[in-house]
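Let's take a walk through a protein model together.

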Amino acid sequence: MRTKYKPWAVQYLSEYFENQFTLENEESIKSLVDFVSSKDTYLEIGPGKGQFILNLAKRYQNINFLVCELNKTISGICLKKIDESDLKNVKLISCDFYKLSEFLKTVKFCGLFLNFSDPRPKKRHTNRRLTSDNFLVEYSKILKNNHYIYFKTDNDKFYEYSKENFERYNWKQIYINEDYKNLDDFDAETEFEMKFKGEGVKIKRLILEKTDATINNVIEEDKN
Ligand SMILES: C[S@@+](CC[C@H](N)C(=O)[O-])C[C@H]1O[C@@H](n2cnc3c(N)ncnc32)[C@H](O)[C@@H]1O
């Protein structure tokens with residue numbers, strides 16, 4: 001689903017920095033690192049308009065939440081909602097997660113959320129899937145040991161691909177539900193989830209634990 005370019009949202013993103021970090025500014029990068037290090041912090045990659053993270057941030061105000069959103073229009077909409085919420089424990093950074101990960105070498109998160117990530121079905125886009133090899137390696141570097149990735153999707157093929165890849169990289173599967181209806185305590189409905197549930201699509205959910213066995217470098221393909 002494409003979001004139409006909204007000039008007001010892109011403008012908003014360029015003007016308001018109370019709850020936003022940017023990679024363009026060294027002070028801001030330092031503030032980001034401080035935010036993540038100062039408390040237990042969870043990261044959502046691809047939050048969309050922020051319904052999920054604002055719900056969690058409101059209920060768990062002793063925890064910090066960071067969202068990383070690639071699309072500028074969506075980031076602007078999400079940032080405005082964060083600003084209007086008056087919550088102090090949720091911040092946004094608008095960039096590709098892969099770029100952000102270069103700046104996260106000194107910090108560790110308590111959990112990562114991947115909610116209804118773009119399935120990117122075309123073979124030539126495999127590397128852009130948020131559960132492809134390079135991303136899984138980055139996640140293993142920024143997540144604390146014995147902490148979790150929380151993954152939800154509507155898409156069967158993307159689900160199968162992701163599940164297999166998590167297995168390949170030795171992420172321990174501690175929860176699996178292929179018809180997830182009743183939300184766990186540490187969860188909230190996303191915009192896409194509401195839409196798909198309304199259409200009767202089954203939601204698939206996995207929780208994956210990072211352990212000592214989790215592989216943190218890209219597995220080279222067997223050439224034989
Ligand atoms: C299908 S939407 C789902 C939005 C929301 N999580 C939900 O469930 O309603 C996926 C979002 O991920 C963002 N995204 C995709 N690749 C990303 C990346 N590499 N880094 C950050 N955000 C990304 C997209 O811009 C989009 O807003």
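The lining of the second largest pocket has 7 nonpolar, 4 polar and 3 charged residues (Ala, Val, Leu, Ile, Met, Phe, Trp, Tyr, Cys and Pro count as nonpolar, Asp, Glu, Lys and Arg as charged, and the others, Gly among them, as polar). Keep in mind that this is a predicted model, where local features need pLDDT of at least 70 and side-chain atom pairs count only at pLDDT 80 or more, while totals for chains, interfaces and linings use all residues. Residues are numbered from 1 along each chain as its sequence is written, and side-chain values use heavy atoms, with hydrogens and water left out.

So how do you spot empty space? Rolling a probe the size of a water molecule over the atoms shows where it is left. A pocket here is an open set of points, on a 1 Å grid over the protein atoms alone, where a 1.4 Å probe fits, with protein on both sides within 12 Å along at least five of seven lines; lining residues have an atom within 4 Å of a point. The second largest pocket holds about 250 Å³ of space, a volume being the space filled by probe spheres set on the points, which are joined across faces, edges and corners. Among its 14 lining residues, Gln-20, Thr-22, Glu-24, Lys-72 and Ser-94 sit closest to the centre. Helix H1 (7-15), strand S1 (20-21) and strand S4 (90-94) each give two or more residues to this lining, and H1 gives the most, with 3. (Helices, H or I with at least four residues, and strands, E with at least two, are DSSP runs numbered from the N terminus.)

Now hop over to Lys-202, whose C-alpha atom is 30 Å from that of Ser-94. You'll find Lys-202 in the loop between H8 and strand S8 (204-209). Leaving out residues up to four places away in sequence, Lys-202 touches Thr-153, Asp-154, Glu-178 and Asp-179, where contact means heavy atoms within 4.5 Å.
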